[in-house]
Amino acid sequence: MLEPPASAVLVEAFVNTVDVEEASDEIAAPAALSAWLVGRGLLDEPAEITADVHADYLALRAGLREELGSHVGDTPDPELLTAADRVLAAHPVLVTARGPLTTVPGLPPERRPLTVLAIAWNELTTTGDATRLKRCAEHTCAWAFWDVSKNRSRRWCSMRVCGNRNKSRTYASRKRQTA
Ligand SMILES: [Zn+2]
């Protein structure tokens, strides 16, 4: 089963709201975050997002991106992981006898998606699929991708672009050293 599950599609979309190569960020401002959440069906209607809530989304995204980087051998920044953990700890999930994890009732609508993301991430780590979700090892790209390879060995989002880019740079630096 190499098609990404819905939880992976969601987490991948969330962490890819930032595009390192293009230096753009779809959720850079609270209003843009609100629009993104509506677009993903995570919010029914645009909501007023405070600076605190906005910061929580950015912290969670940064932490998840570090974790995905660790799946290609990068060393995660412990401070970013801790900050993301703090966000998650403040957004408890509800366990019921009737079914899967859900959001806690009464959570403000603009905070609920943080729990939805937490549940999606939890599902991926529980099934082991999380290790297929990776951040491209080419740091100028850093795009998150779903590794469909059988042995989960891919390190670049696209072998054709990033893998080659990485190889030619290694080659260039080697040439410089020998010159
Ligand atoms: Zn890449």
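The legends below describe close-up views of a predicted model.

**Basis of all views.** Residues are numbered from 1 along each chain as its sequence is written, and side-chain values use heavy atoms, with hydrogens and water left out. Because the model is predicted, local features need pLDDT of at least 70 and side-chain atom pairs count only at pLDDT 80 or more, while totals for chains, interfaces and linings use all residues.

**View 1. Four cysteines hold the zinc ion.** The protein donors are the SG atoms of Cys136, Cys141, Cys157 and Cys162, at 2.2 to 2.3 Å from the zinc ion. Donors are N, O and S atoms within 2.8 Å of the metal (3.2 Å for Na, K and Ca); water is not among the atoms, so sites may look incomplete. The arrangement is tetrahedral because the four donor atoms subtend angles of 103 to 119° around the zinc ion. Four donors count as tetrahedral if all angles lie between 85 and 135 degrees. In sequence, the donor residues follow the spacing C-x4-C-x15-C-x4-C. Cysteine 157 and cysteine 162 are buried. Buried means under 20% relative accessible area, exposed over 50%, and partly exposed in between (1.4 Å probe, protein chains only).

**View 2. Aspartate 25 meets arginine 61 in a salt bridge.** The N to O distance is 2.8 Å. A salt bridge is a side-chain nitrogen of Lys or Arg within 4 Å of a carboxyl oxygen of Asp or Glu. Aspartate 25 lies in strand β2 (residues 24-25) and arginine 61 in helix α3 (residues 51-70), so the pair ties together parts that are 36 residues apart in sequence. Helices (H or I, at least four residues) and strands (E, at least two) are DSSP runs, numbered from the N terminus. Aspartate 25 counts as partly exposed, at 27% relative accessibility. Arginine 61 is buried, at 7%. A search of the whole structure finds five salt bridges.

**View 3. Arginine 135 and glutamate 66 form a buried pair.** Their side chains meet in a salt bridge at 3.0 Å, N to O. Arginine 135 belongs to strand β5 (residues 133-135) and glutamate 66 to helix α3, so the bridge ties together parts 69 residues apart in sequence. Salt bridges also link Glu66, Asp74 and Arg135 in a network.

**View 4. Lysine 134 meets aspartate 147.** This salt bridge spans 2.6 Å, N to O. Lysine 134 sits in strand β5, and aspartate 147 in the loop between β6 (144-146) and α6 (159-178); the pair links distant parts of the chain, 13 residues apart. Both aspartate 147 and lysine 134 are buried.

**View 5. Strands β3 and β4 form a hairpin.** β3 (residues 93-96) and β4 (residues 99-103) run antiparallel, joined by three bridges. Two strands pair if DSSP finds at least two bridges between them. Two residues connect β3 to β4 in the hairpin. Valine 93 has threonine 103 as its bridge partner. Leucine 94 stands opposite threonine 102.

**View 6. The largest nonpolar core has 30 residues.** A nonpolar core is a set of buried Ala, Val, Leu, Ile, Met, Phe, Trp, Tyr and Cys residues joined through side-chain atoms within 4.5 Å. Val11, Phe14, Leu37 and Leu60 have the most contacts inside this core. At least two core residues come from each of α1 (6-15), α2 (30-39), α3, α4 (78-89), α5 (112-127) and β6. Leucine 37 touches Leu42, Leu43, Ile49, Tyr57 and Pro113, not counting residues up to four places away in sequence. Contact means heavy atoms within 4.5 Å. A second, separate core has eight residues, including Val72, Cys141, Trp156 and Cys162.

**View 7. Helix α1 is mostly covered.** Eight of its ten residues are buried. Among them are Leu10, Val11, Phe14 and Val15. The cover over the buried residues of α1 includes β1 (18-19), α2, α3, α5, β5 and β6.

**View 8. Histidine 54 is buried in helix α3.** Its relative accessible area is 8%. Histidine 54 touches Ile27, Ala28, Ala29, Pro30, Leu33 and Ile49, not counting residues up to four places away in sequence.

Key. Four donors count as tetrahedral if all angles lie between 85 and 135 degrees; four count as square planar and six as octahedral if opposite donors are over 155 degrees apart and all others between 65 and 115; anything else is irregular.
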